[in-house]
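Here's a quick tour of a model, taken a few spots at a time. Have the viewer open and follow along.

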Amino acid sequence: MSSLQIQNNQCFRLDEIIFSDKNDFLKTVAKHLAGGFRMIGLFPPDKRNPGKIIAVLANSGSSELCIAGGEFPADKLEFDSLAASFPQTNYFECELSENYGYTPLNHPWLRPVRKQNVIAGGKPYQFYKLEGDEVHEVAVGPIHAGVIEPGHFRFQCHGELVYNLEINLGYQHRGVEALFREAGPGRGIMLAESIAGDTVIGHTYAHCNVIESLSNTQISLRAQVIRSIAEELERIAMHLSGLGGVSNDIGLALAASSYGRLRTLVINSLADLSGSRFGRGLFVYGGVRFDFDRENINNIIKKLNTVRSDVKVINDFLFSSTGALVRFEKTGIVSQDSALKIGMVGLAARSCGIELDTRINYPYGAYRYFPVSQITLSTGDVFARSRLRALEIDESLRFIFEQIENLPDGGIKTAVGAAEPESGVVAITEGWRGEVVHIAVTDEQGRVAQYKIKDPSFNNWYGLSLALRKTEISDFPLCNKSFDLSYAGHDL
Amino acid sequence: MIDAVKLRILQGDPIVHDVKNANLPKLFRGLPVIAGKPCPAGCDKCAAACPVRAITADPVKIDLGRCTFCPLCEEACPEKLIHYTNNYHIASDKRESLIVTKDTQAITSASAAKKIRDYFGKSLKLRQVSAGGCNGCELELNALNNVNFDMGRFGIEFVASPRHADGIVITGPVTRNMANPLQICYEAVPNPKIIILVGACAIAGHVFEDSAQVQRKFLAENKIDLYVPGCPPHPLTFITGILRFIGR
């Protein structure tokens with residue numbers, strides 16, 4: 001019953017992981033989960049040997065990270081599911097089953113994750129159905145009415161009330177993890193930038209941390225601060241997009257268009273720095289490609305000053321509007337208890353009073369020296385998820401203003417050496433939705449042999465399902481926008 | 001009420017009045033220009049640096065349909081022959097017109113056939129289908145409805161159903177799981193209809209083109225009416241591309 005203790009972005013050797021037999025492995029994992037750990041990965045570190053798997057576990061409260069290893073007989077890849085006792089493992093077990101053929105025995109709800117119908121054995125997946133008089137079923141998607149990624153939503157309704165919402169994704173599955181294994185060194189960054197196009201910085205930051213940790217590369221403090229400024233710009237931009245989205249869905253066009261105007265200023269600031277409104281091309285292995293100079297600092301400060309003063313006016317307008325509050329408050333509630341049980345992360349978890357923020361729990365880069373504040377709200381409804389976006393925008397603006405005029409001296413690029421062979425690393429960053437996890441394992445020659453990605457949406461889509469229970473179906477678009485989760489980030 | 005007025009005044013005049021002559025951030029990477037100087041003998045550093053095989057060397061040709069507008073080739077060239085300009089007019093109705101050579105001053109694009117211009121010149125309704133898009137292109141297409149770009153003023157609108165649409169706008173490389181929904185959606189659009197490809201993923205697959213999870217048969221089997229390059233394309237690239245296409 002042992003596990004390997006590691007740190008965020010710390011390279012470890014594969015032979016440091018102890019692979020117990022399957023029963024000890026499951027006991028170790030269960031013990032950790034009962035003790036407040038969250039599962040953040042469950043997969044074989046060597047794709048050619050699916051019988052040996054690792055569970056990556058995180059206790060954010062104590063900032064612990066550990067890896068438990070388990071060995072299964074190659075011809076009998078099955079185990080007693082932990083999902084009934086620990087719902088947070090449910091989806092990880094589905095993923096392990098789909099990708100590597102494991103059978104979680106007595107799994108409460110085995111379903112496809114990305115490769116539709118694989119688990120169902122080629123037959124169309126049967127959605128949970130409500131039986132009774134006057135019940136009806138609503139199916140939405142994959143293609144949705146707006147300009148948005150595809151996904152399938154199946155509602156079981158009685159009148160206006162939703163009794164169950166099942167979310168069936170995978171339409172955006174492009175095979176990203178396989179491409180990380182197969183792609184040459186030139187493609188890694190571009191692939192990371194394209195996992196979720198609205199989380200370019202969050203994912204690319206984690207990917208660069210992976211490559212830099214594996215090669216023991218220390219990047220300059222100036223580069224670390226530039227990376228964090230970009231991360232916070234992305235956070236502000238997407239939170240403004242989220243606030244615009246919820247305003248739009250309640251019909252408050254003036255607020256929606258105002259947030260939209262401010263979002264343009266923020267993404268144009270990213271473009272002032274990197275040429276791309278999403279920060280593509282900014283990150284390189286070993287640092288960043290573009291630097292701040294007097295000219296772009298002045299341009300960016302001018303834009304952010306407008307954002308800072310105007311967002312206050314728009315937020316006051318939105319959050320004091322009775323019409324908006326009536327729609328937001330007590331809509332789409334996820335209880336703290338549910339959120340903890342299902343392993344929700346990020347903004348959605350913080351809206352339920354859970355203190356979970358990688359920048360604080362597992363600080364990386366400049367956040368180790370220049371911390372951000374933990375902000376939580378407690379009602380777990382659309383109001384909390386929206387209000388928290390406004391509060392996080394303020395905090396991110398504070399961070400950027402403090403850093404941008406006090407950049408450390410030095411260069412922005414450090415040479416990157418060779419990666420350690422037969423090693424691994426867990427890199428966690430706080431994307432704007434929540435915890436982004438990239439885990440890589442190298443082979444005998446130091447090439448990436450296995451790459452596992454967990455976008456925060458992987459945890460949180462089920463939170464949206466729970467939020468819709470006993471909620472009116474007409475509130476679905478609003479709830480969906482209040483979570484604003486990634487389809488592509490989930491599907492990979 | 002007073003707050004609403006205050007907010008409206010704060011909005012000011014954010015619209016881009018002249019979409020054909022707007023100023024973009026200095027570092028924005030639009031049309032690449034390849035200098036007339038000859039390449040060093042046998043050099044193919046730009047082609048080797050390109051992560052999406054968009055460049056052939058000697059003579060240098062950059063395929064904007066494959067290009068993701070990253071800084072790598074400009075950085076790799078030892079003679080600094082490649083430079084990405086601020087020119088965002090890079091959409092075209094012909095795939096071949098997206099190939100940039102040393103002689104390319106601008107991307108040529110013809111307007112659509114007269115019938116298409118007559119039907120859609122003042123009112124173009126489009127259905128957007130994200131077939132594996134990462135959300136970058138989708139965000140930029142959504143931005144077309146904001147107060148800066150407002151494509152509605154040109155009569156261009158995204159609609160909620162293929163039945164209401166004059167054409168489809170595809171983003172993403174077309175994943176296996178979206179191949180069938182895309183086909184069904186396209187068949188539901190009444191004739192005459194057009195197909196617009198937005199972004200490097202849709203035009204050429206981007207970094208996903210060799211993935212076993214991508215299925216691009218639909219694009220091979222259907223005529224494409226407009227290509228909008230970028231990763232993601234700037235909203236102004238889309239607007240100016242469409243306006244040229246419908247003859248405005």
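Predicted model: local features only at pLDDT ≥ 70, side-chain atom pairs only at ≥ 80, totals over all residues.

Residues are numbered from 1 along each chain as its sequence is written, with chains lettered from A and ligands numbered from 1 in the order in which they are written.

Let's begin with strand 9 of chain B, residues 194–198, where five of five residues are buried (buried takes 20 or more other C-beta atoms within 10 Å of a residue's own, with C-beta atoms placed from the backbone). Strands here are DSSP E runs of at least two residues, helices are H or I runs of at least four, and both are numbered from the N terminus. In a regular strand, side chains alternate between the two faces of the sheet. On strand 9 of chain B, I194(B), I196(B) and V198(B) sit on one side and I195(B) and L197(B) on the other, and both faces are covered.

| Partner of strand 9 of chain B | Bridges | Direction |
|---|---|---|
| Strand 8 (residues 167–171) of chain B | Four bridges | Parallel |
| Strand 10 (residues 226–228) of chain B | Three bridges | Parallel |

I168(B) stands opposite I195(B), while L197(B) faces Y227(B) of strand 10 of chain B.

Now for a loop: G30(B) lies between helix 1 and strand 1 (32–34) of chain B. Why is G30(B) counted as buried? Because G30(B) has 23 C-beta neighbours inside 10 Å. Beyond its neighbours within four places in sequence, G30(B) is in contact with residues including Y84(B), N87(B) and I90(B) (contact means C-beta atoms, placed from the backbone, within 7 Å).

Over in chain A, helix 14 (residues 456–467) packs on helix 15 (residues 476–483) at about 150°, axes 10 Å apart (axes are lines fitted to C-alpha atoms over the stretch in contact, with angles from 0 to 180 degrees between N-to-C directions). Helix 14 of chain A is therefore roughly antiparallel to helix 15 of chain A, a label for angles over 145 degrees. Among the contacting residues are L464(A) of helix 14 and F483(A) of helix 15 of chain A.

Finally, the contact between the chains takes 48 residues from chain B and 45 residues from chain A. Helix 1 of chain B gives the most to its side, with seven residues.

How values were computed. Buried ≥ 20, exposed ≤ 12 C-beta atoms within 10 Å, placed from the backbone. Pairing = 2+ DSSP bridges. Parallel < 35°, antiparallel > 145°, perpendicular 65-115°, else oblique. Contact = placed C-beta atoms within 7 Å.
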